[in-house]
Amino acid sequence: MLQIDEYLIKECLSDRGWYRLYHAVRVQDRKEVTLKYLEESHPSDTMLACFRSEFGMLKRVAMPAVIEGLDLLNHGRRLILVREYFNGCTLREYAAGLALPVQEAFGLIFELIESIAAIHRHGVVHGNLNPTNILVDPKQMQLKLLGFGRAACALQTRAEPEAPYPSEREIDYLAPEQSGRMNRGIDGRADIYGLGTIVFELFTGRKPFMSPDSIGAIHRHIAHEVPDPREFCPDLPDDLARIVIGMLAKDPEERYQRADELLSDLSLCRQALCKGQSMERTMPSVFRNPRQLYGREAELGQLEAALTQARHDKAVLCLVTGPSGVGKSRLIESFNQQSLPADCYFISAKCDQFQNNPPARLFHDAFSLLLKQILGEEDEALAIWRHRLFEQLGDEAAAVIELIPELELLLGAQPALAELPAAENKVRSLRLWLRFVQIFCRPNRPLCVFLDDLQWADPALFEWLAAMLSGLEHLLLIAAYRGDEVNPGDRVIALENKFRDEGGRVETIELNALPMPALTAMMIDSIRLEKKTADELCASIHLKTQGNPFFFLQYLRELQRNNVLHYDAGTGQWRFDRERLCAAAISDNVVDFMTKRVGKLDKPVRELLKIVACIGCAVDPDTIVTVFGENTLPYKNLAAAETLGLLLKQSDMAEKNKARYFFSHDRVQQAVHSLCSEHELLGNRLKIGRFWVDQARMGHDRSLLSQAVDHLNATLPLIDDAGERSRLGADNFKLGLWTKHRGAFEQALPYLRHASELLADRLPSFGGLASVLWQRAECEHLCGHHKQAERLFEQAVTLSRSELEKARIFELMIQFYADLGRFDRAYRVGRQAAALFGIDLPKRFNRLSFLAEFLALKFRLRKFTTDDLLDLPAVADARMDIAIRLLSATLKVAYQIRPELCAAISVKQVHRCLKHGNNAEAVIGYMVFGVIFLGGVLGNHQAGYDYGRLSLSLLDKYANQRQKAEVNFVYGYFANSWTHPAVDTETYWHTALDAGLESGDWFHSGCACCGLIQSQLMRGVPLDVIWQESERLLAILKRIDGREHSGVIEGIRQAIRNLRGDTDAPTSFGSADFDETAFVEALADYQGKRIKITFLTAI
């Protein structure tokens, strides 16, 4: 039996073959748990992934109806999933193969479907619903769901189960699209099918399809007609039988589309049965926005208070949360129109549920309109804007122009930027972006940025938003999101918590349902009703819609459409039919409501709306005519949809007579999108993608190319032509490089993955695949997918066609292994790379060899002053240029293995520089050889000083910002401090701090922070001054996550407290908020030896 120290095993509950379930007690707190133990001695990657996926899904859908996932433990090669223990039996055991009474089955079914609906609202498809994965407490009649190993995020495009092949029992409950034999994706409708088989079995005592083997069962699920459950249960009501058959439709499009819709029908059915009637279904309605704001005066006041704060202080974050349709966007629209002064800029962007939402798209959407507005100003105003932009961006404006191409119309063509490694380029892009945004954030005139539906934003966006909040002043960032779709651990909440921890101002506005008086006022302003009549009508609609303004208006229009509410021309008043209103039923799900309403539209209008939904963004009639043909009648049908309130029309700023249409609310788009079959969706996306990609290629429109490629990537199964696939691969590669260059690694990765797959068969013969692979490998690494990155790097090396290309890949691999702390592997790669150019790096440090090479170099250097070394020509040989770069990269990892090995490589590098000339990376070799080894190790401080000045001059000569922080810190620490006063050394550390923050060299920025505080303490700066400076530096370190460097400064602050007598004792650093023992123990985990030494020095 399984043995594990933290748990006391009580019994084995079941043996499922590849895993076992154990009832256990957690020793720590005596809590009863269930252990799911991976039984296989050598589990496959699929089995391990299944366990990890199940644990992740349990955390994601944490709710009372789902078994709680407590922990995931490593146990040798195996995994143990720790789950909540639930004292009950499976639904299979409870039913015991018998038909349950209808009322008893109804109770179980309702609770089960409610649970599945809640899971779907979390964006998760269970994928393995069967009676064994449903636990029942017979006493309390409580259900718990488990078996999430095959669960997946909703809307995935392929049926690729993570779990091992399903058992025969599981196959009996899988939807046809889960068989792997149908070219269909899997979504929540697969769960509805699984529910249908369970419901069928509960009512009849048997499964809908019986077969002696799994192959036969799969065939029956795909090909055989669903039997009528009344054949086996004659007393089953007709309405209930129709619902069960609807759940088991072969085609997902013919099934219930959502669990909420199914739940609604079952409720109606039960109500009808109780009354002895047949079930009647209602069809929901359309959308209309009110023009005025109702019942939100307090919330508007909160926004105005946040604006006042942003006028006079740092950035302010205002979070507007509430369920869909509650009026978040309407509140911000009113704030912009009513409260925002004319001299403040307001810009906005909206995340889309059915598109990618990277920072580049959202910021372009927001700032491009602002730039177009500025471009329309007078020449004098334009001159002021140009001056401000050049003042902030200098000659680096090209980085911002990549995001906002309209900026080039104002500034003109700008010089290209120096190429940097991907991670450093991201830091530069973010730094310049903050400078750009700050131009529009001015005292008393804050910039208001509104981002809507942030729950759908790409993860990368939150890093940019955090930087904007921390680094900008006079910014009001308003972020709206659906609170019921965001969990406590989501990135929106993390952004809020991070900004609060930094002392930032956060204003939270929670929008709830509108009260009756506000809804009545809104209705009276829309239609002429007497106050008494309006109150009566509003009370009825409010009860049905729970005061949600969007839902309220949809239902109001539905009443108008069905003539329940009608205009009496004789009296000039609106009247309503009380009996029909009371009898009218309504779905409790707004998407179901809208889906049914759209489904009742005239077919031409409905089909055109499907096209707009597939396109996914604002579209003009001319484009629809060109791509989809004149028979779509876009002018007529778009206007009809606008009249119904389903679409809004927006005039094109560039072409005054041209209009673009977009959905009036994301719920409308969601409803229309749900009506599109997979065939329609892919077919329409393929057409618009092909049209746009041709336009983008001709016009070199990167933004349009991105939209086109996103559509075409989604329709790859429909693209057979080899040439078209190759061109699409090239487009993906271009977009991947561009987005990677901007530091948007998560957005770039899908493009590079598509590129490597689409070009795999074509490029090897032309020698270009290696470039695609190493670009993707670097991006995989920066996104945290290290195993994939390592495999791709190795493939790229194998496919590289030249030594220079191979060397470039080796350079990236050295950095890759160094980032992972695999310094021995990084050094081996460095040796392999150096060998390409005839440079023999030792396997390990050899004192005699080093001494011989060192003396030989000293002999050669007798003819050179440091000024002569500075005047060496730039290296002309491309092979030696990259060889020197490789040596610089290798000596850094050599230091982590053995510092003497680092010095030995620096000797080899200086040898090459004397022979072939210098480049930007040569500074590292001179610094290690002269500043650290000659000056710091051998004690020749004058030589250390001279080589330090040489290193600083090399930075200037080659405009080298990458190593500026490192060189200034090392020069101050090893050279200047021996020959000049400490206060002079601190100037170099201030330079290192600022340079590191700009270039992304946060390690040396952190080192500079520590050096500054330590130096001030040792040279006798007043303690109060040191204390204030340490608070400033700690804030910087917190922003860049410099945990270890923060520890150094905290140690020095305790030394100050000790000197003031504020610690527990004169011989102790401990105090009420500082545990000295715990701090010293934490030093063991620190990577930097200097940090430990600094604490001891402070003591």
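Two strands pair if DSSP finds at least two bridges between them. Helices (H or I, at least four residues) and strands (E, at least two) are DSSP runs, numbered from the N terminus. The model shown in these views is predicted: local features need pLDDT of at least 70, side-chain atom pairs count only at pLDDT 80 or more, and totals for chains, interfaces and linings use all residues. Residues are numbered from 1 along each chain as its sequence is written, and side-chain values use heavy atoms, with hydrogens and water left out.

**View 1. The five-stranded sheet E12-E13-E14-E11-E15.** This open sheet has parallel pairing. Strand E12 (346–350) and strand E15 (505–510) are at its edges, and each has a single partner strand, so one side of each is left without a neighbour in the sheet. Ignoring direction, neighbouring strands are turned by 15° against each other on average; angles run from 0 to 180 degrees between N-to-C directions, and axes are lines fitted to C-alpha atoms, for helices over the stretch in contact. Strand E11 (residues 316–321) runs parallel to E15 and is joined to E15 by six bridges. Within this pair, Val316 stands opposite Arg505 of E15.

View 2. Helix H17 (residues 491–501) lies across E11, strand E14 (475–481) and E15. H17 runs at about 140° to E15.

View 3. Strand E1 (residues 7–15) pairs with E2 in the antiparallel sense over seven bridges, and Tyr7 has Arg26 in E2 as its bridge partner. Three residues lie between the strands in the hairpin of E1 and E2, where Gly17 takes a positive phi near 95°. E2 also pairs with strand E3 (residues 31–38), in the antiparallel sense and over eight bridges; here Leu21 stands opposite Lys36 in E3. The hairpin of E2 and E3 has four residues between the strands, and Arg30 in the turn has a positive phi of about 65°. Strand E2 (residues 19–26) is mostly covered, with seven of its eight residues buried; buried means under 20% relative accessible area, exposed over 50%, partly exposed in between (1.4 Å probe, protein chains only).

View 4. Two bridges link E6 to strand E8 (residues 134–137) in the antiparallel sense, and Thr90 stands opposite Leu135 in E8.

**View 5. The packing of helices H34 and H37.** Helix H34 (residues 823–835) and helix H37 (residues 878–897) pack at an angle of about 150°, and their axes are 9 Å apart. The two helices are therefore roughly antiparallel to each other (angles under 35 degrees count as roughly parallel, over 145 as roughly antiparallel, 65 to 115 as roughly perpendicular and the rest as oblique). Residues in the contact include Phe823, Tyr827 and Ala833 of H34 and Leu886, Val893 and Ile897 of H37.

Note on methods
Contact = heavy atoms within 4.5 Å.
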